Amino acid sequence: ENRSRLNDLFDRLLALKLNLAFSGFAKAKSICNPLNYPMLEKMSSLGFHHLFVGVDAGNEADRKLYNKRASLDEGIRAVQLLNSVGISPRYGMIFMNPYSTLETLRDNYRYLLKLKSSNYYHYGGLKVELLKDTKLLGQVQRDGLLTENYSFMNVLGYKFLHQEIQPIADFLDNEFLPRID
């Protein structure tokens with residue numbers, strides 16, 4: 001029913017022959033659904049210049065930790081599909097979290113290369129934010145990884161389970177990102 005209503009809306013807007021520009025948000029799983037391919041074409045014709053796609057994770061451990069339904073392959077496919085119809089994909093990539101390992105960081109990096117990301121901020125600038133009343137916050141708290149300065153104003157107030165990750169996070173925060181901003 002939603003697809004039908006959206007299709008009707010797009011047809012009406014196209015009939016107006018206006019020069020419009022839109023952006024929006026979509027789930028990778030929805031973009032990858034073959035029933036939605038004609039809708040993507042219409043969206044491009046209508047003036048959608050970009051869609052923000054929920055990619056978020058570049059490895060299976062993080063995907064499960066964030067409870068993401070779309071597979072890693074669907075994230076890549078969604079970006080490819082949007083590019084193929086002329087809609088620029090935008091996406092966030094949570095590069096680090098309290099449970100990151102050297103392996104998950106390597107996998108995230110490789111995944112971003114597959115996505116052909118040219119956004120330097122994806123490569124270490126985004127860390128998971130621990131929001132109130134989330135399962136992840138509860139898990140991090142139970143595991144003793146919250147710092148004393150964690151609060152709703154400091155959602156990055158956590159330490160890493162694997163000590164070798166902290167120097168990498170510090171380098172990215174204090175050396176890499178400030179120099180390229």
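Which residue just after α5 takes a positive phi? In this predicted model, that residue is G86, with a phi of about 85°.

Helix α5 itself covers residues 72–84, a run of 13 residues. From its first C-alpha to its last the helix reaches 19 Å, close to the 18 Å expected at 1.5 Å a residue. Its buried residues are L72, E74, G75, I76, A78, V79, L81 and L82. The cover over these buried positions comes from several elements, including the helices α2 (28–31), α3 (37–46), α4 (60–65) and α6 (102–115). Strands β2 and β3 are also among the elements that cover the buried residues of α5.

Strand β2 (residues 48–56) runs parallel to strand β1 (residues 22–27), and six bridges join them. Within this pairing, S23 has H50 of β2 as its bridge partner. Strand β2 also pairs with β3 (residues 88–93), again in the parallel sense, over five bridges. Here the bridge partner of V53 is Y91, in β3. In a regular strand, side chains alternate between the two faces of the sheet.

Technical notes
Residues numbered from 1 in each chain as written. Predicted model: local features only at pLDDT ≥ 70, side-chain atom pairs only at ≥ 80, totals over all residues. Heavy atoms only, no water. Pairing = 2+ DSSP bridges. Helix = DSSP H or I, 4+ residues; strand = E, 2+ residues; numbered from the N terminus. Expected span 1.5 Å × (residues − 1). Buried < 20%, exposed > 50% of the residue type's maximum accessible area, 1.4 Å probe, protein only. Contact = heavy atoms within 4.5 Å.
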